[in-house]
Amino acid sequence: MNIEQIELRHIRISLVSPFETSFGVTTDRESIIARVIADGVTGWGECVADAAPGYSYETVTTAWHVLCDYLIPALLGAPLNHPRDTPARFGFVRGHNMAKATLEAALWDIAAQQAGQSLARYIGGVRERVPVGVSIGIQPSSDRLAEVVSQYRQAGYGRIKIKIKPGRDLADARAARRAVGDTPLMVDANSAYTLADAPLFQEMDELGLLMIEQPLGYDDIYQHHKLQRQLRTPICLDESIHSADDARFALEIGACRIINIKQGRVGGLTNAIAVHDLCRQAGAPVWCGGMLETGIGRALNVALASLPGFTLPGDLSASNRYYQRDLIDPPFALNPDSTLSVPDGPGLGVTVLQDRLDAVTLRRETFRR
Ligand code: NPG
(Lines give C-alpha, C1' and ligand atoms only; values in the text may rest on other atoms or scores of the structure.)
Protein backbone atom coordinates (compact mmCIF):
# COMPACT_ATOMS: atom_id res chain seq x y z
CA MET A 1 0.00 0.00 0.00
CA ASN A 2 1.39 3.37 -1.04
CA ILE A 3 0.00 5.87 1.39
CA GLU A 4 -0.36 9.19 -0.38
CA GLN A 5 -2.33 11.45 1.91
CA ILE A 6 -3.74 11.56 5.44
CA GLU A 7 -6.25 14.09 6.66
CA LEU A 8 -7.16 14.46 10.35
CA ARG A 9 -10.23 16.23 11.64
CA HIS A 10 -11.01 17.06 15.23
CA ILE A 11 -14.79 16.84 15.49
CA ARG A 12 -17.42 17.60 18.10
CA ILE A 13 -20.92 16.13 17.78
CA SER A 14 -23.83 16.39 20.25
CA LEU A 15 -25.29 13.25 21.80
CA VAL A 16 -29.08 12.91 21.78
CA SER A 17 -28.92 12.74 25.59
CA PRO A 18 -26.11 13.16 28.14
CA PHE A 19 -24.25 9.95 29.03
CA GLU A 20 -23.14 9.62 32.67
CA THR A 21 -20.66 7.03 33.89
CA SER A 22 -18.65 6.64 37.08
CA PHE A 23 -15.93 8.78 35.43
CA GLY A 24 -18.04 11.71 34.22
CA VAL A 25 -20.80 13.06 31.99
CA THR A 26 -20.55 13.38 28.21
CA THR A 27 -22.94 15.69 26.34
CA ASP A 28 -20.87 16.24 23.20
CA ARG A 29 -18.58 13.58 21.83
CA GLU A 30 -15.24 14.86 20.59
CA SER A 31 -13.04 12.63 18.49
CA ILE A 32 -10.67 12.52 15.55
CA ILE A 33 -11.65 11.29 12.11
CA ALA A 34 -8.85 10.18 9.79
CA ARG A 35 -9.19 10.00 6.02
CA VAL A 36 -6.36 8.08 4.38
CA ILE A 37 -5.71 7.78 0.66
CA ALA A 38 -3.55 4.86 -0.49
CA ASP A 39 -3.15 3.64 -4.08
CA GLY A 40 -5.93 6.08 -4.98
CA VAL A 41 -8.42 4.44 -2.57
CA THR A 42 -9.94 6.35 0.38
CA GLY A 43 -10.35 4.78 3.83
CA TRP A 44 -11.76 6.11 7.08
CA GLY A 45 -10.86 5.66 10.72
CA GLU A 46 -12.23 7.10 13.96
CA CYS A 47 -10.16 7.70 17.07
CA VAL A 48 -12.04 6.67 20.20
CA ALA A 49 -10.03 8.83 22.61
CA ASP A 50 -12.29 11.18 24.52
CA ALA A 51 -11.86 14.90 25.26
CA ALA A 52 -10.97 14.14 28.91
CA PRO A 53 -8.71 11.41 30.35
CA GLY A 54 -11.55 9.77 32.35
CA TYR A 55 -11.72 6.35 30.73
CA SER A 56 -8.10 6.25 29.54
CA TYR A 57 -5.01 8.45 29.71
CA GLU A 58 -5.42 9.14 26.01
CA THR A 59 -7.36 12.22 24.97
CA VAL A 60 -8.16 13.91 21.67
CA THR A 61 -5.19 16.22 22.31
CA THR A 62 -2.67 13.46 23.09
CA ALA A 63 -3.89 11.43 20.11
CA TRP A 64 -3.62 14.44 17.80
CA HIS A 65 -0.05 15.01 18.98
CA VAL A 66 1.02 11.38 18.65
CA LEU A 67 -0.65 11.04 15.25
CA CYS A 68 0.84 14.23 13.77
CA ASP A 69 4.33 14.01 15.25
CA TYR A 70 5.02 10.26 15.21
CA LEU A 71 2.50 7.90 13.60
CA ILE A 72 1.70 9.78 10.40
CA PRO A 73 5.38 10.41 9.53
CA ALA A 74 6.07 6.71 10.19
CA LEU A 75 3.28 5.68 7.84
CA LEU A 76 4.10 8.15 5.08
CA GLY A 77 7.80 7.27 5.27
CA ALA A 78 7.62 3.88 3.52
CA PRO A 79 5.01 1.65 1.82
CA LEU A 80 3.22 -0.91 3.96
CA ASN A 81 2.48 -4.46 2.82
CA HIS A 82 -0.74 -5.00 4.71
CA PRO A 83 -2.74 -3.33 7.51
CA ARG A 84 -1.68 -6.16 9.84
CA ASP A 85 1.87 -4.77 9.64
CA THR A 86 0.76 -1.50 11.27
CA PRO A 87 1.35 -2.54 14.91
CA ALA A 88 5.00 -3.34 14.07
CA ARG A 89 5.40 -0.06 12.20
CA PHE A 90 4.08 1.80 15.22
CA GLY A 91 6.01 -0.31 17.75
CA PHE A 92 8.48 2.51 18.41
CA VAL A 93 5.69 4.44 20.17
CA ARG A 94 4.80 3.12 23.61
CA GLY A 95 1.11 2.94 24.46
CA HIS A 96 -1.22 5.41 22.72
CA ASN A 97 -3.27 2.51 21.41
CA MET A 98 -6.24 4.66 20.46
CA ALA A 99 -4.10 6.94 18.30
CA LYS A 100 -2.53 3.91 16.61
CA ALA A 101 -5.87 2.22 15.96
CA THR A 102 -7.19 5.29 14.11
CA LEU A 103 -4.85 4.94 11.13
CA GLU A 104 -4.96 1.16 11.10
CA ALA A 105 -8.75 1.31 10.78
CA ALA A 106 -8.52 3.39 7.61
CA LEU A 107 -5.92 1.01 6.17
CA TRP A 108 -8.20 -2.01 6.76
CA ASP A 109 -11.03 -0.14 5.05
CA ILE A 110 -8.74 0.45 2.04
CA ALA A 111 -7.39 -3.12 1.94
CA ALA A 112 -10.91 -4.61 2.01
CA GLN A 113 -11.99 -2.26 -0.80
CA GLN A 114 -8.96 -3.29 -2.85
CA ALA A 115 -9.97 -6.92 -2.35
CA GLY A 116 -13.53 -6.03 -3.45
CA GLN A 117 -14.93 -7.32 -0.15
CA SER A 118 -16.77 -6.00 2.87
CA LEU A 119 -14.43 -5.50 5.81
CA ALA A 120 -16.40 -8.12 7.74
CA ARG A 121 -15.83 -10.77 5.08
CA TYR A 122 -12.22 -9.66 4.56
CA ILE A 123 -11.35 -10.37 8.21
CA GLY A 124 -13.23 -13.66 8.34
CA GLY A 125 -16.59 -12.53 9.70
CA VAL A 126 -19.31 -15.18 9.71
CA ARG A 127 -22.45 -13.18 10.59
CA GLU A 128 -24.75 -11.03 8.48
CA ARG A 129 -26.32 -9.58 11.62
CA VAL A 130 -24.63 -9.03 14.96
CA PRO A 131 -26.47 -9.22 18.30
CA VAL A 132 -26.50 -5.88 20.09
CA GLY A 133 -27.57 -4.21 23.31
CA VAL A 134 -27.79 -0.72 24.69
CA SER A 135 -25.65 0.93 27.36
CA ILE A 136 -27.61 3.28 29.61
CA GLY A 137 -25.88 5.99 31.60
CA ILE A 138 -26.56 6.84 35.25
CA GLN A 139 -29.93 8.60 35.53
CA PRO A 140 -31.14 11.20 38.07
CA SER A 141 -32.93 8.47 40.11
CA SER A 142 -33.62 4.72 40.14
CA ASP A 143 -37.22 5.42 39.10
CA ARG A 144 -36.08 7.42 36.11
CA LEU A 145 -33.62 4.66 35.26
CA ALA A 146 -36.46 2.12 35.26
CA GLU A 147 -38.38 4.32 32.80
CA VAL A 148 -35.42 4.74 30.47
CA VAL A 149 -34.65 1.02 30.63
CA SER A 150 -38.27 0.22 29.71
CA GLN A 151 -38.15 2.63 26.77
CA TYR A 152 -35.07 0.97 25.34
CA ARG A 153 -36.57 -2.44 25.98
CA GLN A 154 -39.67 -1.38 24.04
CA ALA A 155 -37.47 0.01 21.27
CA GLY A 156 -36.28 -3.57 20.82
CA TYR A 157 -32.96 -3.82 22.64
CA GLY A 158 -32.61 -7.40 23.85
CA ARG A 159 -29.73 -6.79 26.23
CA ILE A 160 -29.56 -3.89 28.65
CA LYS A 161 -26.43 -2.57 30.36
CA ILE A 162 -26.58 0.03 33.09
CA LYS A 163 -23.74 2.10 34.44
CA ILE A 164 -23.15 2.02 38.19
CA LYS A 165 -21.02 3.97 40.67
CA PRO A 166 -20.75 3.95 44.47
CA GLY A 167 -24.09 5.07 45.91
CA ARG A 168 -25.86 4.32 42.63
CA ASP A 169 -25.53 0.57 42.35
CA LEU A 170 -27.70 -2.01 44.08
CA ALA A 171 -30.94 0.00 44.06
CA ASP A 172 -30.40 0.91 40.41
CA ALA A 173 -29.61 -2.69 39.45
CA ARG A 174 -32.75 -3.90 41.26
CA ALA A 175 -34.90 -1.23 39.61
CA ALA A 176 -33.48 -2.16 36.21
CA ARG A 177 -34.10 -5.87 36.85
CA ARG A 178 -37.73 -5.17 37.77
CA ALA A 179 -38.12 -3.06 34.62
CA VAL A 180 -36.66 -5.63 32.20
CA GLY A 181 -38.08 -8.86 33.58
CA ASP A 182 -35.87 -11.66 32.38
CA THR A 183 -34.19 -9.72 29.56
CA PRO A 184 -30.40 -10.11 29.82
CA LEU A 185 -29.11 -7.35 32.11
CA MET A 186 -25.57 -6.35 33.10
CA VAL A 187 -23.82 -3.61 35.04
CA ASP A 188 -20.68 -1.65 34.21
CA ALA A 189 -18.74 -0.02 37.06
CA ASN A 190 -15.89 1.46 34.99
CA SER A 191 -13.38 0.68 37.76
CA ALA A 192 -15.22 2.53 40.54
CA TYR A 193 -14.87 -0.08 43.35
CA THR A 194 -12.32 -1.92 45.46
CA LEU A 195 -12.14 -5.46 46.79
CA ALA A 196 -13.69 -4.18 50.04
CA ASP A 197 -16.93 -3.88 48.05
CA ALA A 198 -17.12 -7.66 47.47
CA PRO A 199 -20.28 -7.97 49.68
CA LEU A 200 -22.09 -5.50 47.39
CA PHE A 201 -21.32 -7.61 44.34
CA GLN A 202 -22.35 -10.77 46.21
CA GLU A 203 -25.75 -9.16 46.69
CA MET A 204 -25.85 -8.51 42.96
CA ASP A 205 -25.41 -12.25 42.42
CA GLU A 206 -29.10 -12.51 43.36
CA LEU A 207 -30.10 -10.47 40.30
CA GLY A 208 -28.97 -13.03 37.73
CA LEU A 209 -26.85 -10.54 35.81
CA LEU A 210 -25.25 -11.53 32.53
CA MET A 211 -21.96 -10.11 33.82
CA ILE A 212 -20.38 -7.41 35.98
CA GLU A 213 -18.04 -5.27 33.90
CA GLN A 214 -14.75 -3.86 35.24
CA PRO A 215 -15.72 -3.51 38.92
CA LEU A 216 -12.15 -2.87 40.21
CA GLY A 217 -9.12 -0.78 39.21
CA TYR A 218 -8.73 0.27 35.58
CA ASP A 219 -5.22 -1.20 35.51
CA ASP A 220 -5.90 -4.19 37.74
CA ILE A 221 -6.16 -7.83 36.78
CA TYR A 222 -4.94 -9.52 39.97
CA GLN A 223 -7.55 -8.18 42.42
CA HIS A 224 -10.30 -9.11 39.99
CA HIS A 225 -9.42 -12.79 40.40
CA LYS A 226 -10.00 -12.45 44.14
CA LEU A 227 -13.40 -10.94 43.48
CA GLN A 228 -14.35 -13.43 40.77
CA ARG A 229 -13.68 -16.30 43.23
CA GLN A 230 -16.39 -14.89 45.50
CA LEU A 231 -19.07 -14.43 42.82
CA ARG A 232 -21.36 -16.60 40.72
CA THR A 233 -21.84 -13.80 38.18
CA PRO A 234 -19.09 -13.67 35.53
CA ILE A 235 -16.75 -10.68 35.65
CA CYS A 236 -15.97 -9.07 32.30
CA LEU A 237 -12.79 -7.04 31.89
CA ASP A 238 -12.62 -3.94 29.71
CA GLU A 239 -10.24 -1.15 30.82
CA SER A 240 -7.45 -3.45 31.98
CA ILE A 241 -7.12 -5.49 28.75
CA HIS A 242 -4.73 -3.82 26.29
CA SER A 243 -3.38 -6.85 24.44
CA ALA A 244 -3.75 -10.57 23.82
CA ASP A 245 -1.16 -11.12 26.59
CA ASP A 246 -3.36 -9.25 29.08
CA ALA A 247 -6.33 -11.36 28.01
CA ARG A 248 -4.35 -14.58 28.40
CA PHE A 249 -3.18 -13.59 31.88
CA ALA A 250 -6.65 -12.56 32.99
CA LEU A 251 -8.26 -15.78 31.77
CA GLU A 252 -5.47 -18.00 33.13
CA ILE A 253 -5.69 -16.63 36.65
CA GLY A 254 -9.48 -16.51 36.59
CA ALA A 255 -9.77 -12.72 36.87
CA CYS A 256 -12.74 -12.78 34.49
CA ARG A 257 -14.77 -15.18 32.37
CA ILE A 258 -15.69 -12.74 29.60
CA ILE A 259 -13.73 -10.07 27.72
CA ASN A 260 -14.95 -6.84 26.17
CA ILE A 261 -12.95 -6.17 23.00
CA LYS A 262 -12.53 -2.57 21.86
CA GLN A 263 -10.23 -2.21 18.89
CA GLY A 264 -9.17 1.27 20.02
CA ARG A 265 -8.18 0.11 23.50
CA VAL A 266 -6.00 -2.72 22.17
CA GLY A 267 -4.28 -0.65 19.48
CA GLY A 268 -6.20 -1.58 16.34
CA LEU A 269 -8.05 -4.25 14.46
CA THR A 270 -5.05 -6.59 14.14
CA ASN A 271 -4.65 -6.78 17.91
CA ALA A 272 -8.42 -6.98 18.40
CA ILE A 273 -8.53 -10.02 16.13
CA ALA A 274 -5.62 -11.53 18.11
CA VAL A 275 -7.55 -11.05 21.39
CA HIS A 276 -10.61 -12.62 19.76
CA ASP A 277 -8.60 -15.63 18.53
CA LEU A 278 -7.00 -16.16 21.92
CA CYS A 279 -10.32 -16.00 23.79
CA ARG A 280 -11.92 -18.34 21.29
CA GLN A 281 -9.19 -20.90 21.87
CA ALA A 282 -9.60 -20.48 25.61
CA GLY A 283 -13.38 -20.93 25.30
CA ALA A 284 -14.10 -17.46 26.71
CA PRO A 285 -16.93 -15.51 25.09
CA VAL A 286 -16.21 -11.97 23.91
CA TRP A 287 -18.32 -9.02 22.86
CA CYS A 288 -17.62 -5.76 21.12
CA GLY A 289 -17.47 -2.68 23.32
CA GLY A 290 -18.50 0.75 22.13
CA MET A 291 -17.24 4.24 22.88
CA LEU A 292 -20.05 6.39 21.54
CA GLU A 293 -18.54 6.22 18.06
CA THR A 294 -20.10 7.92 15.06
CA GLY A 295 -21.18 5.60 12.28
CA ILE A 296 -17.59 5.53 10.99
CA GLY A 297 -16.25 3.79 14.09
CA ARG A 298 -19.43 1.78 14.47
CA ALA A 299 -19.08 0.29 10.97
CA LEU A 300 -15.64 -1.02 11.95
CA ASN A 301 -17.00 -2.39 15.25
CA VAL A 302 -19.86 -4.15 13.50
CA ALA A 303 -17.38 -5.81 11.12
CA LEU A 304 -15.27 -6.92 14.09
CA ALA A 305 -18.34 -8.26 15.89
CA SER A 306 -19.11 -10.49 12.91
CA LEU A 307 -16.18 -12.77 13.87
CA PRO A 308 -17.28 -16.16 15.26
CA GLY A 309 -16.17 -15.65 18.89
CA PHE A 310 -18.38 -12.59 19.41
CA THR A 311 -21.24 -14.60 20.86
CA LEU A 312 -22.51 -11.99 23.33
CA PRO A 313 -24.39 -8.80 22.33
CA GLY A 314 -22.15 -5.77 21.80
CA ASP A 315 -22.45 -2.14 22.87
CA LEU A 316 -23.42 -1.34 19.30
CA SER A 317 -26.70 0.50 19.23
CA ALA A 318 -28.52 2.14 16.32
CA SER A 319 -27.30 5.53 15.07
CA ASN A 320 -30.33 7.31 16.57
CA ARG A 321 -29.42 6.15 20.09
CA TYR A 322 -26.34 8.40 19.89
CA TYR A 323 -26.70 11.14 17.28
CA GLN A 324 -29.54 12.98 15.59
CA ARG A 325 -27.54 13.16 12.39
CA ASP A 326 -24.96 10.40 12.14
CA LEU A 327 -22.05 11.01 9.78
CA ILE A 328 -22.81 8.04 7.51
CA ASP A 329 -25.36 6.76 5.08
CA PRO A 330 -27.21 4.54 5.58
CA PRO A 331 -27.40 5.03 9.35
CA PHE A 332 -27.39 1.90 11.53
CA ALA A 333 -30.91 0.78 12.42
CA LEU A 334 -32.01 -1.79 15.00
CA ASN A 335 -33.52 -4.97 13.54
CA PRO A 336 -36.52 -6.49 15.38
CA ASP A 337 -34.29 -9.34 16.65
CA SER A 338 -31.98 -6.88 18.48
CA THR A 339 -29.26 -7.04 15.85
CA LEU A 340 -27.50 -4.61 13.53
CA SER A 341 -27.00 -5.68 9.93
CA VAL A 342 -23.38 -5.98 8.87
CA PRO A 343 -22.79 -3.71 5.84
CA ASP A 344 -22.00 -5.82 2.77
CA GLY A 345 -20.55 -3.14 0.47
CA PRO A 346 -16.77 -2.93 -0.08
CA GLY A 347 -14.67 -1.89 2.95
CA LEU A 348 -16.65 -0.35 5.79
CA GLY A 349 -19.68 -0.44 3.49
CA VAL A 350 -21.04 2.95 4.53
CA THR A 351 -20.79 6.37 2.86
CA VAL A 352 -19.38 9.23 4.90
CA LEU A 353 -21.57 12.31 4.50
CA GLN A 354 -19.11 15.08 3.72
CA ASP A 355 -21.44 17.99 4.54
CA ARG A 356 -22.27 16.54 7.96
CA LEU A 357 -18.63 15.88 8.65
CA ASP A 358 -17.76 19.45 7.65
CA ALA A 359 -20.48 20.77 9.97
CA VAL A 360 -18.93 19.11 13.05
CA THR A 361 -15.25 19.73 12.20
CA LEU A 362 -13.36 22.02 14.61
CA ARG A 363 -9.93 21.79 12.95
CA ARG A 364 -8.30 19.95 10.13
CA GLU A 365 -4.79 19.10 9.01
CA THR A 366 -3.53 17.36 5.87
CA PHE A 367 -0.27 15.42 5.43
CA ARG A 368 1.22 14.26 2.13
CA ARG A 369 4.02 11.89 1.26
O1 NPG B 1 -22.87 2.22 23.03
O2 NPG B 1 -21.01 3.12 22.35
C3 NPG B 1 -21.82 2.81 23.24
C4 NPG B 1 -21.48 3.16 24.66
C5 NPG B 1 -21.04 1.97 25.43
O6 NPG B 1 -20.94 2.25 27.76
C7 NPG B 1 -20.38 2.38 26.72
N8 NPG B 1 -19.13 2.87 26.60
O9 NPG B 1 -17.23 2.38 29.51
O10 NPG B 1 -17.45 1.19 27.73
C11 NPG B 1 -17.63 2.24 28.34
C12 NPG B 1 -18.38 3.38 27.70
C13 NPG B 1 -17.51 4.50 27.20
C14 NPG B 1 -18.05 5.49 26.42
C15 NPG B 1 -16.17 4.59 27.51
C16 NPG B 1 -17.30 6.54 25.95
C17 NPG B 1 -15.42 5.66 27.03
C18 NPG B 1 -15.97 6.62 26.26
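Reply: The structure holds zero disulfides, a disulfide being a pair of cysteine sulfur atoms within 2.5 Å. Cys47 is in no disulfide, and the nearest cysteine sulfur, that of Cys68, is 11 Å away. With a relative accessibility of 0%, Cys47 counts as buried. The terms for accessibility are buried for under 20% relative accessible area, exposed for over 50%, and partly exposed in between, with a 1.4 Å probe and protein chains only. For Cys236, the closest cysteine sulfur is that of Cys256, and the distance of 6.9 Å is too far for a bond. Cys236 is buried as well, its relative accessible area being 0%. In general, a disulfide is a covalent bond between the sulfur atoms of two cysteines.

On how to read these values: this is a predicted model, in which local features need pLDDT of at least 70 and side-chain atom pairs count only at pLDDT 80 or more, while totals for chains, interfaces and linings use all residues. Residues are numbered from 1 along each chain as its sequence is written, and side-chain values use heavy atoms, with hydrogens and water left out.

Next, the helix pairs. Helices (H or I, at least four residues) and strands (E, at least two) are DSSP runs numbered from the N terminus. Axes are lines fitted to C-alpha atoms, for helices over the stretch in contact, and angles run from 0 to 180 degrees between N-to-C directions.

Helix H1, residues 60-76, packs against helix H3, residues 97-114, at an angle of about 50°, and their axes are 9 Å apart. H1 and H3 are therefore oblique to each other; angles under 35 degrees count as roughly parallel, over 145 as roughly antiparallel, 65 to 115 as roughly perpendicular and the rest as oblique. H1 passes H3 in a right-handed crossing, where right-handed means that the near helix is turned clockwise from the far one by less than a right angle, and left-handed that it is turned anticlockwise. On the H1 side the contact (heavy atoms within 4.5 Å) is made by Ala63, Val66, Leu67, Leu71, Ile72 and Leu75, and on the H3 side by Ala99, Lys100, Thr102, Leu103 and Leu107. By class, this contact of H1 with H3 has nine nonpolar, one polar and one charged residues. Here Ala, Val, Leu, Ile, Met, Phe, Trp, Tyr, Cys and Pro count as nonpolar, Asp, Glu, Lys and Arg as charged, and the others, Gly among them, as polar.

Helices H5 (residues 142-155) and H6 (residues 170-180) pack at about 35°, with their axes 9 Å apart, and their crossing is right-handed. From H5, Ser142, Leu145, Ala146, Val149 and Ser150 meet Ala171, Asp172, Ala175, Ala176, Ala179 and Val180 of H6. The contact of H5 with H6 divides into eight nonpolar, two polar and one charged residues. Arg178 also lies in H6, and at 65% relative accessibility Arg178 counts as exposed. Arg178 and Leu207 are 29 residues apart in sequence and 9.6 Å apart in space, C-alpha to C-alpha.

In the pair formed by helix H9 (residues 244-252) and helix H10 (residues 269-282), the angle is about 25° and the axes are 8 Å apart. That makes H9 roughly parallel to H10. The contact involves Ala244, Ala247, Arg248 and Leu251 of H9, together with Ala274, Val275, Leu278, Cys279 and Ala282 of H10. It comprises eight nonpolar residues, no polar ones and one charged. The crossing of H9 and H10 is right-handed.

Several loop residues remain. Ser306 lies in the loop between helix H11 (295-304) and helix H12 (319-322), and is buried at 0% relative accessibility. Leaving out residues up to four places away in sequence, Ser306 touches Ala120, Gly125, Val126, Arg127, Val130 and Val342.

The peptide bond from Asp329 to Pro330 is cis, with omega near -10°. Pro330 sits in the loop between strand S12 (328-329) and strand S13 (339-341).

Two residues in the loop between strand S7 (185-188) and helix H7 (198-204) also deserve a check, the one being Asn190 and the other Ser191. Asn190 has a positive phi of about 45° although it is not a glycine, and it counts as buried at 8% relative accessibility. Ser191, not a glycine either, has a positive phi of about 70°. With a relative accessible area of 17%, Ser191 is buried.
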